[in-house]
Amino acid sequence: MAQNRITALLDIQYPIIQGGMVWNSGYKLASAVSNAGGLGLLGAGSMYPEVLRTHIQKCKQATDKPFGVNVSLLYPDLQEVMDIIVEEGVKIVFTSAGNPKIWTPFLKAHGITVVHVISSSKFALKAQEAGVDAVVAEGFEAGGHNGREETTTLTLIPMVTAKVQIPVIAAGGIATGRAMLATMILGAEGVQMGTRFIASTESSAHETFKNRVIQVEEGDTIVTLKELAPVRMIKNEFYQGIEDLYKKGANVDELRAYLSKGRSKKGMFEGDLVEGELEAGQVAGLIRSVEPVEQIISTIMEEFRAAQQKSFDF
């Protein structure tokens, strides 16, 4: 496909970015996506700083293509994380949550391309003012931590592209070439996919969790914990425990205490489908197999090209 602002900015063949998901996005996944023509991201949120350094170094050994690091601006040890990113020569950083004004100047001063994840046109404008190079506009369908606005991708993308001049990457509910084309017709210049890459051979997620993702049906995921940070997860006993707390009138501290037992690691990395937090997007209902990354991206691009060529005669 022809180059656009996203492929040029990130120096990639296809405008497909892998979400930097906690407990799923180690160097094997990131390097595989980059080697297949997209942009792989390491998920710093589930890595201690020195573990992140190791994954960056291994990723550099596994690919000579561009890759990046996803950093939540709400996590601790940010100065150490950012210093490691600079020391290891990472060229691309995707930031999420928090205020992009705080770290964007630091990263840009070291020649790093910065992309920030947003959930509304208001935050897209703030990110543009902060100097980021592009934004990821993530709709409410997305798995994991979500925006409070509850705006869906189909609505969010044209709203954001109407407000900002920088390129927009669509996220939330995208796992196919047809969905990729749809968001690009609406103004996006790239897509970020998370859940589709959970169900990949190279994902660092536990096999039990991968297999649960491909069994998800319509309605099996839900957004909860809006008092803390909205998160979309697969319904299970852990989620039911949250619901029981709500029914008892639990306060924020009680909800936080319930979450403070390493639930996301337990679910996604260790494969505890009962007591673990299982983060996945609504689009899991369309995913039915765990496949190598190269096959996933090849299929997406075949679907994209076929949908592009299809004509409608009304």
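Partly exposed denotes a relative accessible area between the buried limit of under 20% and the exposed limit of over 50%. The legends below concern a predicted model.

**Figure 1. Salt bridge between Glu 207 and Lys 210 in helix H10.** The two side chains meet with an N to O distance of 3.1 Å. Both residues belong to helix H10 (residues 207–213), where they are three residues apart, about one turn of the helix. Glu 207 is partly exposed because its relative accessible area of 45% lies between the 20% and 50% limits. Lys 210, in contrast, is buried, with a relative accessible area of 0%.

**Figure 2. Salt bridge between Asp 253 and Arg 256 in helix H12.** The closest N and O atoms of this pair are 3.4 Å apart. Helix H12 (residues 252–259) contains both partners, again at a spacing of three residues, about one turn of the helix. Asp 253 is exposed, at 56% relative accessible area, whereas Arg 256 is partly exposed, at 45%.

**Figure 3. Salt bridge between Arg 53 and Glu 88.** A separation of 3.0 Å is found between the closest N and O atoms. The pair links distant parts of the chain, 35 residues apart: Arg 53 is in helix H3 (residues 49–62), and Glu 88 is in the loop between helix H4 (78–87) and strand E4 (92–96). Arg 53 is buried, with a relative accessible area of 18%; Glu 88 is likewise buried, at 12%.

**Figure 4. Network of salt bridges around Arg 53 and Glu 88.** Glu 50, Lys 60 and Glu 87 are linked with Arg 53 and Glu 88 in this network. The model has eleven salt bridges in total.

Terms used:
Residues numbered from 1 in each chain as written. Predicted model: local features only at pLDDT ≥ 70, side-chain atom pairs only at ≥ 80, totals over all residues. Heavy atoms only, no water. Salt bridge = Lys/Arg side-chain N within 4 Å of Asp/Glu carboxyl O. Helix = DSSP H or I, 4+ residues; strand = E, 2+ residues; numbered from the N terminus. Buried < 20%, exposed > 50% of the residue type's maximum accessible area, 1.4 Å probe, protein only.
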